[in-house]
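Work through the following exercises with the sequence and the model side by side. Try each task before reading its solution.

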Amino acid sequence: DKTADIGGITYTRSRFDETSFGLNAMLSVGGPVSFYPYAGIGSTKLKRTGVESTFTSYDFGFGIGVSPMPKVTVHIRGELQAVVDGQASRKFGNATLGVSYSLFSAP
């Protein structure tokens, strides 16, 4: 929540709860440690008291992947996300941590 004093009157604005899902494309090169850029598109739901809306979102960022064993990689990513509503947008900075398992390998 954010509190601001405007003209001697104190206002409090509640934060959004954000839920997102989507698809990202990564430009990654294999190895035990890899750095990669990625970009994606998704759907984001923003919810707070009195407001609940779903928007298209776009993101891009950079990540690092560390492979402790074959086919398993731990990813740490930082991204910028834009949630678009017509002509306006909200921007967010996100950090994610995840694990991936490779079902098959290309030569």
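**Exercise 1.** Which residue in strand 2 is the bridge partner of Lys2?

Solution. The model is a predicted one, in which local features need pLDDT of at least 70, side-chain atom pairs count only at pLDDT 80 or more, and totals for chains, interfaces and linings use all residues. Residues are numbered from 1 along each chain as its sequence is written, and side-chain values use heavy atoms, with hydrogens and water left out. Begin with the strands, which are DSSP runs of E with at least two residues, numbered from the N terminus. Strand 1 (residues 2-6) and strand 2 (residues 9-13) run antiparallel and are joined by five bridges, where pairing requires that DSSP finds at least two bridges between two strands. Within this pairing, the partner of Lys2 is Arg13. Two residues lie between the strands of this hairpin, and Gly7 takes a positive phi near 60°.

**Exercise 2.** Decide why strand 1 is said to lie largely in the open.

Solution. Apply the accessibility classes, in which buried means under 20% relative accessible area, exposed over 50%, and partly exposed in between (1.4 Å probe, protein chains only). Strand 1 has five residues and the number buried is zero, so the strand lies largely in the open.

**Exercise 3.** Find which residue forms a salt bridge with Glu52.

Solution. Search for a side-chain nitrogen of Lys or Arg within 4 Å of a carboxyl oxygen of Asp or Glu. The structure holds one such salt bridge: Glu52 forms it with Lys45, the closest N and O atoms being 3.3 Å apart. Lys45 counts as partly exposed, because its relative accessibility is 33%.

**Exercise 4.** Determine what lies over the face of Tyr38.

Solution. The test is that NZ of Lys or CZ of Arg is within 6 Å of the ring centre and within 35 degrees of the ring normal. Arg77 lies over the face of Tyr38, at 4.4 Å from the ring centre. By the same test, the charged end of Arg48 sits over the ring of Phe16, 4.2 Å from its centre.

How values were computed: Helices (H or I, at least four residues) and strands (E, at least two) are DSSP runs, numbered from the N terminus.
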